[in-house]
Amino acid sequence: METENLHNQNNLDDFVCLDIFDDDNFLTKRPTCDRCKRPTTVCWCPFLPCEPVKVETNLFILQHPFEESRCLRTVPILQNCISPEKCQVIIGKRFNYLRNPELKPVFDLPTTLLLYPGEDAIDITALPTDTSYTLVLLDGTWAQAKGIYSQNAILKTLKKVQIKIEEKSKYVIRTQPSDTSLSTLETAALAISTLEKKPHIYEVLTGPLVALCNFQIQHGASEHQSKEFRVENGLWPKPLRRSVQKRLAEKWEKEKSKSNS
């Protein structure tokens, strides 16, 4: 139910970007950009780099089918920021070498990594930076990404890496699980900039995302706090599971101990 609540709230902000009525309350369709497919008045293309950003890292994005229909998704920004051959998107819920033979030679490479958090995932900053990597990312809601990971055995064969940051996501028109949960675009941008030692790449790739969020807020969308923030500050409208209550109690106890030491 909590996941459903986040999904419904995020869908409201998707609704803001739809073209429904003009001033005379008749059904209308405003001119749209051929590149980003958004209304020209809120097009983020002017915020794209003049030329595709040159990167050594290859990206394979496994995208949940429902993500394709969302008007506020971030992967199209990524695809328009770097060369097409560097970013391949494969849509589906189930992936295997029979259905997706193009994945086998990629997954067999020792330099192919799955960017997915977990206790068995190593910090991306610990990787050697003198090698070119292929990163596999799962695109969808957090629940959809977890489903893709749990239902596909071939993903378990890849070495997992994760990004540990303190910076808040720029994707402020979505309710993220935590303050440091990132969109697919942000995750890819931060990973590339880290592996290639080019910090400016992160700012260049996320520039259109900031513009997208600003446009949405100007047209009625609200800036969201993460679920973690809302829970910890008593703003979450649903009853909390016992596991969440226990985790919060442990976190507050640790913070209390630190302040007393």
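Predicted model: local features only at pLDDT ≥ 70, side-chain atom pairs only at ≥ 80, totals over all residues.

Reader: How many salt bridges does a search of the whole structure find?

Author: The search finds three salt bridges.

Reader: What makes the contact of Lys104 with Asp108 a salt bridge?

Author: The term requires a side-chain nitrogen of Lys or Arg within 4 Å of a carboxyl oxygen of Asp or Glu. The closest N and O atoms of Lys104 and Asp108 are 2.8 Å apart, so the pair meets the definition.

Reader: Why is the pair of Asp120 and Lys160 called a salt bridge, and what does the pair tie together?

Author: The N to O distance between the side chains of Asp120 and Lys160 is 2.9 Å, and the cut-off is 4 Å; the pair is therefore a salt bridge. Asp120 lies in the loop between β3 and β4, and Lys160 lies in strand β6, so the pair ties together parts that are 40 residues apart in sequence.

Reader: What can be said of Lys170 and Glu203?

Author: The closest N and O atoms of Lys170 and Glu203 are 3.0 Å apart, and the two residues form a salt bridge. Lys170 belongs to the loop between β6 and α5, while Glu203 belongs to helix α6, 33 residues apart. Lys170 has a relative accessible area of 18%, so the residue falls under the 20% limit and is buried. Glu203, at 46%, counts as partly exposed.

Reader: In what order do the six strands of the sheet stand?

Author: The open sheet has the order β2-β1-β5-β3-β6-β4, with parallel pairing. Strands β2 and β4 stand at the edges because each has a single partner strand, so one side of each is left without a neighbour in the sheet.

Reader: How do you know that β3 pairs with β5 and with β6?

Author: Pairing requires at least two bridges between the strands. β3 has three bridges with β5 and three with β6, so both pairings qualify. Leu114, for example, has Val136 as its bridge partner in β5, and Leu113 stands opposite Lys159 in β6.

Reader: Why are both faces of β3 described as covered?

Author: Thr112 and Leu114 on one side are buried, as are Leu113 and Leu115 on the other. Side chains in a regular strand alternate between the two faces of the sheet.

Reader: Why are α5 and α6 called roughly antiparallel?

Author: The two helices pack at an angle of about 165°, with their axes 8 Å apart. Angles over 145 degrees count as roughly antiparallel, so α5 and α6 receive that description. Their crossing is right-handed. Residues making the contact include Leu185 and Ala189 of α5, and Ile201 and Leu205 of α6.

Technical notes. Residues numbered from 1 in each chain as written. Heavy atoms only, no water. Helix = DSSP H or I, 4+ residues; strand = E, 2+ residues; numbered from the N terminus. Buried < 20%, exposed > 50% of the residue type's maximum accessible area, 1.4 Å probe, protein only. Axes fitted to C-alpha atoms, helices over the stretch in contact; angles between N-to-C directions. Parallel < 35°, antiparallel > 145°, perpendicular 65-115°, else oblique. Left-handed = near helix turned anticlockwise from the far one by under 90°. Contact = heavy atoms within 4.5 Å.
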